[in-house]
Amino acid sequence: MAGARHPVVEVRRSQRRRRTVSAYRDGERVVVLIPDQFSRAEESEWVDRMLARLAAREGRFARSDDDLFGRATRLRGLYLAEYGDRAIPVSVRWVTNQNGRWGSCTPADRTIRISHRIQDMPDWVIDYVLLHELAHLIVPSHNARFWALVGRYPKAERARGYLEGVAAASGSPLGD
């Protein structure tokens, strides 16, 4: 693919490793573990092969705006169906400019934006954030009625705890 950025690759050779090769992502770097006896040609072949495997695996988990909108539609049907059109957003999309919150909703224009930072989180956490923002289409504030709507999601408390843990670990005071 023209113009694609190639990751920095670190090859680690091991005398204990005999036949197996593995790779993992460490931030922006890819670490490839190979047997020490591999030739440079074998190393090169395996690095290419492992980069392709990582790319394929990551591609399977890519989440698009359309996927996000479909997910929001499913959640609306499960937890907010009685609100009819009031709970239908005009758009739901991933954004990269939200560093102080997981998601946001503008009830006036019925748009929902979800931080790209949660794209790799478990589905049940993404669902919680989406339902939280969908509930804002019905109740703009964080009052008791709002939290009752969000509380319909069975994993709401678990997801809140997960997000609080992520925020604490990163040292970021992220909020709703």
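Which residue in β6 is the bridge partner of serine 104? In this predicted model, the partner is arginine 113.

**The sheet**

Strands β5 and β6 (residues 111–115) run antiparallel and are joined by four bridges. They belong to an open sheet of three strands, ordered β4-β6-β5, in which the pairing is mixed. The edges are held by β4 (91–95) and β5 (103–106); each has a single partner strand, so one side of each lacks a neighbour in the sheet. On average, neighbouring strands of this sheet are turned by 15° against each other, direction ignored. Helix α2 (residues 65–79) packs on the sheet and touches β4 and β6. The direction of α2 makes about 130° with that of β4.

**Arginine 160**

Helix α5 (residues 156–170) contains arginine 160. This residue has 22% relative accessibility and therefore counts as partly exposed, the class that begins where buried, under 20%, ends. Between the C-alpha atoms of arginine 160 and asparagine 97 the separation is 21 Å, with the two residues 63 apart along the chain.

**Confidence**

For the protein, the mean pLDDT is 89, and 91% of the residues reach 70 or more. The table gives the elements with the lowest and the highest mean pLDDT.

| Element | Residues | Mean pLDDT |
|---|---|---|
| Helix α1 (lowest) | residues 40–60 | pLDDT 83 |
| Helix α4 (highest) | residues 144–150 | pLDDT 98 |

Where pLDDT is low, predicted coordinates should not be read in detail.

Definitions and conventions: Residues numbered from 1 in each chain as written. Predicted model: local features only at pLDDT ≥ 70, side-chain atom pairs only at ≥ 80, totals over all residues. Heavy atoms only, no water. Helix = DSSP H or I, 4+ residues; strand = E, 2+ residues; numbered from the N terminus. Buried < 20%, exposed > 50% of the residue type's maximum accessible area, 1.4 Å probe, protein only. Pairing = 2+ DSSP bridges. Axes fitted to C-alpha atoms, helices over the stretch in contact; angles between N-to-C directions. Contact = heavy atoms within 4.5 Å. pLDDT = per-residue confidence, 0-100.
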